[in-house]
Amino acid sequence: MVVVGGGLSGLTAACSAAGQGASVALIEKQAFLGGTTMLATGTIRYADEGDGAGMVQAILDEGAPFREEGSQFPITDYLDAIGEVSYKSTAIYNAAGLNMLPESGDGARPYVQKPDTSGKAGGLYIKQLEPYLESLGGTIYKSSPATELILDDSGAVVGVISDTDTSKKTFNAGAVVLACGDFARNQELIKEYDPESAGNFTGTAVGNTGDGLVMAVKAGAAVWDDMFSMGGAFVFNPYDSHRAGMKASETLDNSLFVSLTGERRIKENASSKFVQAVFINENEGDGCWDIMDAEIAKGTEVPIDEMVAANGGARIAYQADTIEELAELTGIDPAVLGATVDRYNELCEAGEDTDFGKDAQLMVPIKTPPFYAVRSYCVTRGIAGGIKTTTSAEVVREDGSIIPGLYASGAIASRPFYGGAYQGAAALSVAGNMGYIAGENAAKTALEK
Ligand SMILES: Cc1cc2nc3c(=O)[nH]c(=O)nc-3n(C[C@H](O)[C@H](O)[C@H](O)COP(=O)(O)OP(=O)(O)OC[C@H]3O[C@@H](n4cnc5c(N)ncnc54)[C@H](O)[C@@H]3O)c2cc1C
């Protein structure tokens with residue numbers, strides 16, 4: 001069988017299939033594996049054997065405020081499916097040497113784990129799983145983009161072609177798993193499937209141009225409706241994040257976020273930042289101004305003076321002696337910004353954020369000049385949506401029938417797992433666990449042939 005895409009979903013699918021005894025080829029478009037997974041922080045929702053319901057409930061609870069009235073999403077059957085197999089994916093990760101540990105420390109969430117490292121862990125999954133797959137007998141073909149699915153006369157998928165300027169390879173296969181990630185790098189597809197997100201900055205991998213989605217649709221696959229951008233990471237410079245792999249967030253939890261017209265909309269330390277994006281996107285644009293005084297500004301990763309002095313390209317930072325002057329520099333009505341800062345300071349003095357419920361220890365008043373405003377941009381972690389599958393990762397047509405031999409997992413088929421917003425640690429769980437399911441079922445299909 002063939003797995004298309006070498007992110008967490010493809011690698012987990014391939015390991016799961018190889019573990020079933022299937023002969024597996026994993027083909028990757030880029031000269032290296034990793035996809036968006038490589039850029040991820042690495043937190044993943046998981047459950048021990050028999051405790052899938054606990055993980056599902058944790059996801060549902062966190063997403064509850066963002067469930068949209070009348071929407072079919074999230075579809076709990078899909079969450080149940082990943083909850084049930086999660087311990088099997090964890091077993092693969094541990095066998096690959098990842099040493100998965102429950103999240104710990106301040107703000108630790110239940111049913112969330114991470115490879116054993118103090119830093120970002122996305123790359124570790126790839127570093128460990130790539131040789132592990134090879135140790136299981138899997139073969140990896142890099143620089144080999146899938147360009148076409150091979151269908152037989154009955155409409156079943158029986159292989160993949162990788163046709164480039166320099167090589168053409170044909171992979172005949174008993175089953176194919178599409179794990180090509182999302183399509184946040186393809187503006188044409190975004191305009192078609194998620195027009196609201198057109199033009200947004202993205203932190204996803206460069207190869208995620210929706211090839212798998214296009215190939216699947218050509219083979220008759222249905223797509224989910226109501227796709228949406230998994231926005232929510234705020235960064236001061238979206239271009240840096242493209243190059244270096246976006247940090248989960250560059251912004252400070254103890255600063256004050258105001259919309260582009262100067263109003264506070266949210267608590268700044270909201271979970272995984274996705275809340276910020278939802279609220280800000282629903283208002284005036286894809287971002288906010290991060291307001292700080294001299295004390296708070298000591299916490300920025302790039303020194304604030306450097307940001308103000310450079311003030312070029314996408315990085316925009318202003319310094320002023322008064323809030324009024326700061327408002328003028330940012331183009332905000334001084335009366336609005338003044339009122340917002342006054343109200344925020346009042347809440348800080350009272351020690352309780354009765355407006356938005358921000359944690360008390362992060363309520364630091366904006367009072368010591370000079371004052372700063374840094375433009376913060378919302379960067380998407382991908383488009384939730386993609387190809388329709390069953391809970392067994394079989395790709396389905398519009399009439400609900402299954403396309404024999406074709407499976408999909410991960411960001412490419414992710415809509416049913418979310419309500420109205422991305423939830424931290426859920427995307428890797430979707431990628432890994434649906435990858436496990438896709439690999440297991442595709443292996444069965446291939447081995448039966
Ligand atoms: C900065 C950042 C931080 C994040 N942090 C977290 C986190 O901590 N926890 C969490 O749960 N989620 C996180 N996410 C989201 C999560 O990383 C992704 O949703 C997840 O990694 C998707 O995995 P995937 O395997 O489906 O796709 P990817 O990892 O994107 O892999 C897809 C692969 O398919 C390849 N491909 C594409 N087209 C073809 C083709 N035609 N032929 C062959 N190969 C192809 C791509 O090159 C890529 O390697 C984060 C996202 C970002 C951007």
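Modeller: Helix H12 (residues 426-448) lies across S10, S19 and strand S20 (402-408), and its direction is at about 140 degrees to that of S20. Helices (H or I, at least four residues) and strands (E, at least two) are DSSP runs, numbered from the N terminus. Axes are lines fitted to C-alpha atoms, for helices over the stretch in contact, and angles run from 0 to 180 degrees between N-to-C directions; two residues are in contact if their C-beta atoms, placed from the backbone, lie within 7 Å. This is a predicted model, in which local features need pLDDT of at least 70 and side-chain atom pairs count only at pLDDT 80 or more, while totals for chains, interfaces and linings use all residues. Residues are numbered from 1 along each chain as its sequence is written.

The sheet under discussion is open and has 6 strands in the order S6-S2-S1-S10-S20-S19, with mixed pairing. Its edge strands, each pairing on one side only, are strand S6 (139-141) and strand S19 (394-396). From one strand to the next the twist averages 35 degrees. Two strands pair if DSSP finds at least two bridges between them. Strand S1 (residues 2-4) and strand S10 (residues 176-178) run parallel and are joined by 3 bridges. In that pair, Val4 of S1 has Leu178 of S10 as its bridge partner.

Next comes the ligand. It is surrounded by 45 residues, and the closest are Gly5, Gly7, Gly35, Gly207 and Gly410. A residue is near a molecule if its C-beta atom, placed from the backbone, lies within 6 Å of it. Helix H1 (8-19), helix H6 (211-218) and H12 are the elements that give two or more residues to this shell. H12 provides the largest share, 4 residues; this is the helix that also lies across S10, S19 and S20. By class, the shell has 19 nonpolar, 22 polar and 4 charged residues. Here Ala, Val, Leu, Ile, Met, Phe, Trp, Tyr, Cys and Pro count as nonpolar, Asp, Glu, Lys and Arg as charged, and the others, Gly among them, as polar.

Leu149 has Val160 in S8 as its bridge partner. S7 and S8 form a hairpin with 5 residues between them, and Gly155 in the turn has a positive phi of about 90 degrees.
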